[in-house]
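Please look at the sequence and the structure below before reading on.

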Amino acid sequence: MVKKITRFLFKAFLWFLGISVFFVIIFKFLPVPFTPLMPVRAMEQRADGKEVHFSHDWVPLEDISQNLQKAVIASEDDTFLDHNGFDFQALKKAYKNNSKGKKLKGGSTISQQTAKNVFLWQGRSYFRKALEAYFTVLIEIFWGKERIMEVYLNSIEMGDGVYGAEAAAQHWYGKSCKSLTKTEAAGIAAILPNPRKFKASNSSSYINNRKTKIVRRMRYVGDLDY
């Protein structure tokens, strides 16, 4: 009985490895059509009695303003171009803050956020975090930084029912994401911690202050040499 269970678990593990690597390789070349979060948000909208709104337009990275690319690096992960998927200093700081009961920034890199958004569900369990680490390693190996940034900016939630840079630029500013100014890009980056609560345009004083800080930090990002 024990041998059968062990054999089954081993086969299941091999199937998981094969399927996960397969999809990571597929999404290296093909646009990600949807993420697990998208249907969840749609169901939440319906449960709240709202009209179900969904906007997601995939665009290649060269059609996304470098201002937005720099803004999310400055705001979310200033070591993105240098790390191998994990910022251990940020994780250590987040752990210390958590131990003190402080509100966390998170400590997750853009690579980790991309792995979570594309392949996993929302949550904070150790099991999900372990899977997140696994997929983070895979996308760092198979995709590289340029593709990770492209998928990230095309997949993340940037408003209520708004996903990706092009949909966000149209929703917040009525323009293409290719022509976003530094301030507009900073506005989108500023709301990423809670894009359903905050507004990138006609923003609160809190978000306006975040915009100013992000624009200032964007100066230090430098050239995006992926």
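## Two helices that cross: α3 and α10

In this predicted model, helix α3 (residues 66-76) and helix α10 (residues 205-218) have axes that come within 9 Å and cross at roughly 105°. That angle makes α3 roughly perpendicular to α10, since angles from 65 to 115 degrees are counted in this way. Two packed helices are described by the angle between their axes and the distance between the axes.

On the α3 side, the contact is made by Asn67, Lys70, Ala71, Ala74 and Ser75, which meet Arg210, Ile214, Arg217 and Met218 of α10.

## A second pair: α5 and α6

Helix α5 (residues 110-119) packs against helix α6 (residues 126-142) at an angle of about 110°, and the axes of the two helices are 8 Å apart. With such an angle, α5 is roughly perpendicular to α6.

The residues that α5 brings to this contact are Ser111, Gln112, Thr114, Ala115, Lys116 and Phe119, while α6 contributes Arg128, Lys129, Glu132, Phe135, Thr136, Ile139 and Glu140. Here the residues divide into four nonpolar, four polar and five charged.

Alanine 130 is also found in helix α6, and with a relative accessible area of 46% this alanine is partly exposed.

## Helix α7 and its surroundings

Helix α7 (residues 144-155) has twelve residues, and the distance from its first C-alpha to its last is 17 Å, close to the 16 Å expected at 1.5 Å a residue. Ten of the twelve residues are buried, so α7 is largely enclosed by the rest of the structure. The buried residues are Lys145, Arg147, Ile148, Met149, Glu150, Val151, Tyr152, Leu153, Asn154 and Ser155.

Ser155 is also one of the residues touched by threonine 35, together with Asn117 and Val118, when residues up to four places away in sequence are not counted. Threonine 35 has its place in the loop between α1 (2-29) and α2 (37-47), and its relative accessible area of 2% makes it buried.

## An annotated stretch

The unreviewed UniProt entry carries the annotation "transmembrane region" for residues 12-30. In the model, the end C-alpha atoms of residues 12-30 lie 26 Å apart, and the span is 95% helix and 0% strand.

Is serine 55 buried or exposed? With a relative accessible area of 19%, serine 55 is buried, because buried means under 20% relative accessible area. Serine 55 lies in strand β1 (residues 55-56), and, leaving aside residues up to four places away in sequence, it touches Gly161, Val162, Tyr163 and Ala167. The C-alpha atoms of serine 55 and alanine 169 are separated by 11 Å, while the two residues are 114 residues apart along the chain.

Asparagine 202 lies in the loop between α9 (182-190) and α10, and at 76% relative accessibility it counts as exposed. Most residues other than glycine have a negative phi. Asparagine 202, however, has a positive phi of about 50° although it is not a glycine.

How values were computed. Residues numbered from 1 in each chain as written. Predicted model: local features only at pLDDT ≥ 70, side-chain atom pairs only at ≥ 80, totals over all residues. Heavy atoms only, no water. Axes fitted to C-alpha atoms, helices over the stretch in contact; angles between N-to-C directions. Helix = DSSP H or I, 4+ residues; strand = E, 2+ residues; numbered from the N terminus. Parallel < 35°, antiparallel > 145°, perpendicular 65-115°, else oblique. Contact = heavy atoms within 4.5 Å. Nonpolar A, V, L, I, M, F, W, Y, C, P; charged D, E, K, R; others polar. Expected span 1.5 Å × (residues − 1). Buried < 20%, exposed > 50% of the residue type's maximum accessible area, 1.4 Å probe, protein only. UniProt positions renumbered as here; feature names shortened; annotations may be inferred.
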